[in-house]
Amino acid sequence: IISVVMVTQSSLMVLFVMIAFLLAPGLSAANQQKVYSLDSDIYEAIQILYVSQGLSLPSTTGPYSQAELTLMLEKLKPETLKGSLSSTYDFVVQQLNIEPNIQGKGIGLSWNFDANLETYYHTDTTNFVGRETWTRGSLQQKPLLNIGLETWPAENFYGYSEFSVGNTHTLEHGFGSTAFGTNLPVLAPAVLEDLDFNIPYRAFVAAGGDHWTFQLGRDRLNWGAGTTGNLMLSDTLKYHNMARITTFSDKFKYTFVTSFFPHPASYYDGVTTNPDGSITLNPGDGPIKGNGQEVLLGGIYMFMSHRLEWRMFADKVGLTLTESIMYQSEENLLDLRILNPAMIFHDYYIRSNANSILGLELDYTPVQGLNIYAQAAVDEFSLPGEPVPSATETNYPQTFGFLAGFKGVLPLKNAVGYASLEFAQTDPYLYLRYTTKSAPDFGTPSYDNYGLNYVGVIREFTNKSGTLYNPQFLGYTYGNDARVLNFNGGMKAFGTWNVSANVFYMAHGTFDMFTIWDRVGGSTGSPLVTTPTDNGGDSAGNYKDSTYASRNAVSHTLVAGINGSYQLSDCLSVFGQVDYITIKNYKNKSGDSAGDIQLTFGATYSL
């Protein structure tokens, strides 16, 4: 009999740290276990060098350790690099060879201090309120002060934690509710109660060697070559509370990760029950309000994934296979049987407890300077012998996602030129898995049971508003029911300056993160729909919008912008961004429109 037990993050930490100590050969100054932030330019620089030399992309499973980045460099031929490509290679080598500020016997210590001043201006203070409505979103916006501490104990360990002073993700009075704004914590529209006490956002311990890394704590994740996002895991969340282990070589890489989020019971409590029996969460476009910090939290809601990468055909082709699940238990129990990194998750057949998604990614560099990439995600499909939903057959909806594009690199005299063109499409029910009235195998027909959406929630606390829950898709940035086309191009001299332009177009249908997942087709299911949908009433309901049926048009969003930065000295840099936004059929209401001009300027002083 295999017991069902509850596993806490603290017990996992003790277990893996003990294992890492047993694997550590001893004290040494050659510690390459630093895990670089996704904001670091190092990976982007290596990717450009790979494409310029005709190689497929390096591993697209971030973040990366210093040991892994160093291994990536071994495939390059620096003697063939000229001009800006040679400078780019020197930039990477310089960054990877930075020594700790203080080195003792068996330990290294470093600290950094960043003071950031950002100012914002925009023209529409009614429709574009909240950081999620800004093109330069919350992940790019910086706190006023940030202090980071790094430690390198022995040869096989690394630790990082940061302390920041800034505003919470969601201000009580709304980021963007005034034409002018800043990142100063007490300057309107911010008030003192909006001071961010949810730090740190990046804090973890890591252990590793020349070909493996284990990481435990808070950090961001991003899997894939996409510019607008990735189908299996995008950089949409401020952090994951996760445990990650990866092994890598020059031909193969394997990654296994678990990440934990609040159970839906934490923020579905106290919702409105509609006359038809459906439930509605707190209305509006902002975060969902929780029960407060005094309420006992319960339940497990976990993302788990394994990812395999191969390099083939003389390093011209990269192939990646990913399988992920969202697992839940309202009783706060975790079945240890599912923590099998070699298992096919779909074949557990635990539909009420887990929602699995399969992803396939391919990239190919046919000539020097050009890389072509594609992704496909499979959420729900009919196995051989199972009915496919149609005009006469009722079954679960077929749900897929597709993304494809190319990246080009052109070495210039003093900078590297780059460009990308990307297309993505997601089905209306992709990433969704709710319990609905038309699914009798789920038990008692009711909308009130918790679903298994491919969604992560960041829980935040403010003195002004209490606990807030900010949901984001773990997969593609713009979620389900979307068709996206994006062009990006620019020039960059790594470590000195960059300038780029971006044009983004999206047609988004009436289905969203809170659309109720339902059987479709036949005489008893919801209507068969394709992306982008133009009738909200084609869905079985919506957990957040009681007026979902009034959505009657596809929204069309166009964003055009430019941004740039310049390193004035070793300590001081400046940056700016301006975006023009126009939305036709705003919020999927025919004839409604909205538009905004958004400007961000800032400076960073670093020590």
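**Figure 1. The loop that holds Lys587.** Lys587 is found in the loop that lies between strand β30 (572-584) and strand β31 (593-606). In this model, which is predicted, Lys587 has a positive phi of about 55°, although it is not a glycine. Is Lys587 buried, partly exposed or exposed? With a relative accessibility of 46%, Lys587 counts as partly exposed, because the term covers values between 20% and 50%.

**Figure 2. The loop that holds Ala154.** Ala154 belongs to the loop between β7 (145-153) and β8 (157-165), and this residue, although it is not a glycine, has a positive phi of about 60°. The relative accessibility of Ala154 is 10%, and Ala154 therefore counts as buried, since the cut-off for that word is under 20%.

**Figure 3. The whole chain, as a setting for the close-up views.** The secondary structure of the chain comes to five helices and 31 strands. Of the 607 residues in the chain, 51% are buried. When contacts with a separation of 6 or more are considered, residues 24 or more positions apart account for 69% of them. The accessible surface of the chain comes to about 25900 Å², and carbon and sulfur atoms hold 60% of that surface.

Figure 4. How many of the 11 residues of α2 are buried? The helix is mostly covered, and the number of buried residues is 10; among them are Ile42, Tyr43, Ala45 and Ile46, as well as Leu49, Tyr50 and Val51. Gln47 and Ser52 are also buried residues of α2. Just after α2, the residue Gly54 takes a positive phi of about 80°.

**Figure 5. Helix α3 and the elements that cover it.** Helix α3, which spans residues 66-73, is mostly covered, with seven of its eight residues buried. The buried residues of α3 are Gln66, Ala67, Glu68, Leu69, Leu71, Met72 and Leu73.

**Figure 6. Strand β22 and its antiparallel partners.** Strand β21 (residues 354-367) and strand β22 (residues 370-380) run antiparallel and are joined by eight bridges, and in this pairing Leu358 stands opposite Val378 in β22. The hairpin of β21 and β22 has two residues between the strands, and Gly369 takes a positive phi near 95° there. Strand β22 also runs antiparallel to strand β23 (residues 399-411), to which it is joined by 10 bridges.

**Figure 7. The largest cavity and its lining.** The structure holds three cavities of 30 Å³ or more, and the largest cavity has a volume of about 320 Å³. Its lining is made up of 28 residues, and those that lie nearest the centre of the cavity are Leu57, Pro58, Ser59, Glu309 and Arg311. Helix α3 and the strands β14, β18 (300-312), β19 (317-329), β21 and β22 each supply at least two residues of this lining. Divided by class, the lining of the largest cavity has 13 nonpolar, six polar and nine charged residues.

**Figure 8. The second largest cavity and its lining.** The second largest cavity has a volume of about 150 Å³. This cavity is lined by 15 residues, of which Tyr267, Tyr268, Tyr434, Asn453 and Val455 are the closest to its centre. The elements that give two or more residues to this lining are α5 (265-268), β25 (455-462) and β26 (466-473). How do the residues that line the second largest cavity divide by class, and how many of them are charged? The lining has 13 nonpolar and two polar residues, and no charged residues.

Key: Residues are numbered from 1 along each chain as its sequence is written. This is a predicted model: local features need pLDDT of at least 70, side-chain atom pairs count only at pLDDT 80 or more; totals for chains, interfaces and linings use all residues. Side-chain values use heavy atoms; hydrogens and water are left out. Helices (H or I, at least four residues) and strands (E, at least two) are DSSP runs, numbered from the N terminus. Buried means under 20% relative accessible area, exposed over 50%, partly exposed in between (1.4 Å probe, protein chains only). Contact means heavy atoms within 4.5 Å. Accessible areas come from the Shrake-Rupley method with a 1.4 Å probe; for residues, only the protein chains shown count as cover. Two strands pair if DSSP finds at least two bridges between them. On a 1 Å grid over the protein atoms alone, a cavity is a set of points where a 1.4 Å probe fits but cannot get out, and a pocket is an open set with protein on both sides within 12 Å along at least five of seven lines; lining residues have an atom within 4 Å of a point. Grid points are joined across faces, edges and corners, and a volume is the space filled by probe spheres set on the points. Ala, Val, Leu, Ile, Met, Phe, Trp, Tyr, Cys and Pro count as nonpolar, Asp, Glu, Lys and Arg as charged, and the others, Gly among them, as polar.
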